[in-house]
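Here is a short tour of one model, written for someone who likes geometry with its cut-offs attached. Have a look at the fold before reading on.

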Amino acid sequence: MKIGFIGVGNMGGPMARNLVSAGHAVTVFDLDPAHVASVTQAGAKGADSAAAAVAGADAVVTMLPAGPHVRDVYENAVLPNAKAGAVLIDCSTIDVETARAVADLAVSKGFAMVDAPVSGGVGGAEAGTLTFMVGGPDEAFGAAKPVLEKMGKTIVHCGGAGNGQAAKICNNMMLGIQMISVAEAFVLAEKLGLDHQKLFDVSSKASGQCWSLTTYCPVPGPVPTSPANRDYQPGFASAMMVKDLKLSQGAAETFQAKTALGQRAMEMYQQFTDSGNGGVDFSGIIKMVRDG
Ligand code: NAD
């Protein structure tokens, strides 16, 4: 299969390399030539524009920073140049409204399109074990699935256009809130003279159990692979958490959902990021919780 891939940064680079390894003919474009080179070295072809990358492709994958980039690339490069019958797959994390607007445009030009944001980070992209949350009609999902399977392990069809993005922001809102709750519990335990490991031993088997505790524990010790054991090197950077919580709060406002803890979590990660911690893993928020 011929695949055009636009946006080969931290995530898109390894994803495109996995498509090459699976035997696809992949043509890539990125504004940064060094990112293009990191994939052409693995056997992809480089294009000198997004339009050239999509021309003749059976599938187009985009992995771009945010909604405005996706809209721009689709309006100016993908939709005018993709061949009839190509399936369009946007894996970027963007706002639900832009995802639905771009999907409507694609459908109006006769294309099958899905939004397919991911969970799993750079490690998951490299290992080909990403989770894809997919929004779009059944037929588009069916066409996209064989491509997604080369880059991920779990692929969930979440409903119509934009529902992949909806699942992503709802999940990450839970994650952001839960990490703060775990951090607050450990800080309270410290004040009460309760050992970190003892709290972990109880809560990892009790009703406080969650991923932020058992996989990503924000204190060093109980989970040796968590970022707390390497001075909070990401992992998942706080700036990325702020991006995702802004998306969930934007959606909550537009669609009139009351998400008071999501709002508070967004403010706390924003404050943490503003004080020079944007590149620190989001579990590092425990330092701010501890310092009050
Ligand atoms: P990145 O900045 O490393 O990569 C984005 C790439 O897009 C860059 O190489 C940039 O040069 C390129 N780009 C921007 N505008 C372009 C344009 N008009 N045409 C061509 N290329 C263009 O970011 P990333 O970490 O790879 O993240 C990509 C997306 O994946 C984001 O939406 C992010 O929220 C999401 N995401 C990231 C992670 C992660 O851990 N990094 C995890 C899950 C989801």
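Helix α5 (residues 96-108) and helix α8 (residues 163-192) have axes that come within 8 Å and cross at roughly 165°. Axes here are lines fitted to C-alpha atoms, for helices over the stretch in contact, with angles from 0 to 180 degrees between N-to-C directions. Helices (H or I, at least four residues) and strands (E, at least two) are DSSP runs, numbered from the N terminus. The two helices α5 and α8 are therefore roughly antiparallel, a label for angles over 145 degrees.

This is a predicted model, where local features need pLDDT of at least 70, side-chain atom pairs count only at pLDDT 80 or more, and totals for chains, interfaces and linings use all residues. Residues are numbered from 1 along each chain as its sequence is written, and side-chain values use heavy atoms, leaving out hydrogens and water.

| Helix | Residues in contact |
|---|---|
| α5 | Val96, Ala99, Arg100 |
| α8 | Asn163, Gln165, Ala166, Ile169 |

Next come the strands. β8 (residues 130-135) pairs with β9 (residues 152-159) in the parallel sense over six bridges; pairing requires at least two DSSP bridges. Phe132 stands opposite Ile155 in β9.

Finally, look at the loop between α10 and α11, where Tyr232 is found. Tyr232 has a phi near 65°, a positive value in a residue other than glycine. Gly235 lies in the loop between α10 (211-214) and α11 (238-254), and the peptide bond from Pro234 to Gly235 is cis, with omega near 5°. Most residues other than glycine have a negative phi, and most peptide bonds are trans.

Note on methods. Angles under 35 degrees count as roughly parallel, over 145 as roughly antiparallel, 65 to 115 as roughly perpendicular and the rest as oblique. Contact means heavy atoms within 4.5 Å.
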